[in-house]
Amino acid sequence: MFALGLIGLLVRRNILFILMSTEVMLNAAGLAFIVAGARWGAADGQVMFFFILGLAAAEVSVGLALVLRMHHQYRSLDADLLSRMRG
Amino acid sequence: MSSFYLTGAVAVAATLLMILSLNAVHALLYLIVSFLAVAVIFYILGAPFVAALEVIVYAGAIMVLFIFVVMMLNLGRRAAAQERAWLRPAMWIGPSILAAILLGEVVYLLTRADVPAPAAQSVGPKEVGLVLFGPYLIGVELTSVLLMGALVAAYHLGWHRPKLEKANVDDSRARGASPGGDFVRAGADRSPGTP
């Protein structure tokens, strides 16, 4: 799952797909925590998944605000366009 | 145990189709199916609380946010043609098949409650809550601070508008047109000094 998310991150140039692939990668990390927690019967894995959930929610809100901003400015969602940015 | 592998196959297939689909809404549908499959895996592994959280937060809140953004970006003349294209069966047949597999699996798991769980023991919500607000209290507080920071950052990024847009608004206002109505222009009549 994590490898699939990473492939999606590398292959696609649409910034919306990049964000979705990041979600898949975070979800895969949470899945690994849950599997480890189930293997040893501990609740810590679920607590870690809870934190990953909060992290993903924060990340996706900021990322989508940036996507909206980029669309307003460039009228496109191509991530390569952003290389023209000058700070 | 076979239900575990079937769900894993559904999750991987949905994620692969998400990467390979060209339309953003198709990809979002496959992503929702993938999250639902992961939630079923959590249920099988003996974590029902996290399975419910996965459905509510990932497949619910985050996907609604994505769909909302796609909806806002897709406004235009192509919307009607796209709407017509969305009703073709080629669009929804793939996610429907995968979701039907998941639904059948959940019904099978719920009706046969006596089937032994593959996990060593099921960890219920009570233990999770006790650990969450016991040794991990600092982490909970840090998560809340992070969410607060994300809220402020998203608000700031959505508020600040580019110079080009601002020039358009000023131009239209100079010609006597009202700047309201558009989502982008909302609040453009405030003074630029205030954040």
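Modeller: Let's begin where the two chains meet: in α2(A), the residues L16(A), F17(A), M20(A), E23(A), V24(A), N27(A), G30(A), L31(A) and I34(A) touch α2(B) through A24(B), A27(B), L28(B), L31(B), F35(B), V38(B), I41(B) and F42(B). Keep in mind that this is a predicted model.

Colleague: Got it. What classes of residue are in that contact of α2(A) with α2(B)?
Modeller: There are 14 nonpolar residues, two polar and one charged in the contact of α2(A) with α2(B).

Colleague: And are α2(A) and α2(B) roughly parallel or antiparallel?
Modeller: The angle between α2(A) and α2(B) is about 5 degrees, and their axes are 11 Å apart. Angles under 35 degrees count as roughly parallel, so α2(A) and α2(B) are roughly parallel to each other.

Colleague: Okay, next pair. At what angle do α2(A) and α3(B) pack?
Modeller: About 175 degrees, with 12 Å between the axes of α2(A) and α3(B). Therefore α2(A) and α3(B) are roughly antiparallel to each other.

Colleague: Which residues meet there, between α2(A) and α3(B)?
Modeller: From α2(A) you have L16(A), L19(A), M20(A), E23(A), L26(A), N27(A) and I34(A), and they meet V50(B), E54(B), Y58(B), I62(B), F66(B) and V70(B) of α3(B). By class, the contact of α2(A) with α3(B) splits into ten nonpolar, one polar and two charged residues.

Colleague: Let's stay inside chain B for a moment. How far apart are the axes of α2 and α3 of chain B?
Modeller: They are 8 Å apart, and helix α2 (residues 24–44) packs against helix α3 (residues 48–73) of chain B at about 170 degrees. α2(B) and α3(B) are therefore roughly antiparallel to each other. The residues in contact include L28(B), F35(B) and F42(B) of α2(B) and V55(B), Y58(B) and F66(B) of α3(B). In the contact of α2(B) with α3(B), 21 residues are nonpolar, none are polar and one is charged.

Colleague: Zooming out, how many residues does each chain put into the contact?
Modeller: Chain A gives 48 residues and chain B gives 56. Between them, the chains bury about 4600 Å², with 81% of that on carbon and sulfur atoms.

Colleague: Which elements of chain A are on the side that touches chain B?
Modeller: α1 (2–11), α2 (15–40) and α3 (44–74) of chain A each give two or more residues. α3(A) gives the most, with 26 residues. That side of chain A has 33 nonpolar, ten polar and five charged residues.

Colleague: How many salt bridges are there across the interface of chain A and chain B?
Modeller: Zero by the rule, while two residue pairs are in polar contact across the interface of chain A and chain B, both at pLDDT 80 or more.

Methods: Residues numbered from 1 in each chain as written. Chains lettered and ligands numbered in written order. Predicted model: local features only at pLDDT ≥ 70, side-chain atom pairs only at ≥ 80, totals over all residues. Heavy atoms only, no water. Contact = heavy atoms within 4.5 Å. Buried area = accessible area lost by both parts, 1.4 Å probe. Salt bridge = Lys/Arg side-chain N within 4 Å of Asp/Glu carboxyl O. Polar contact = N/O pair within 3.5 Å; in protein donor to acceptor, adjacent residues only side chain to side chain. Helix = DSSP H or I, 4+ residues; strand = E, 2+ residues; numbered from the N terminus. Nonpolar A, V, L, I, M, F, W, Y, C, P; charged D, E, K, R; others polar. Axes fitted to C-alpha atoms, helices over the stretch in contact; angles between N-to-C directions. Parallel < 35°, antiparallel > 145°, perpendicular 65-115°, else oblique.
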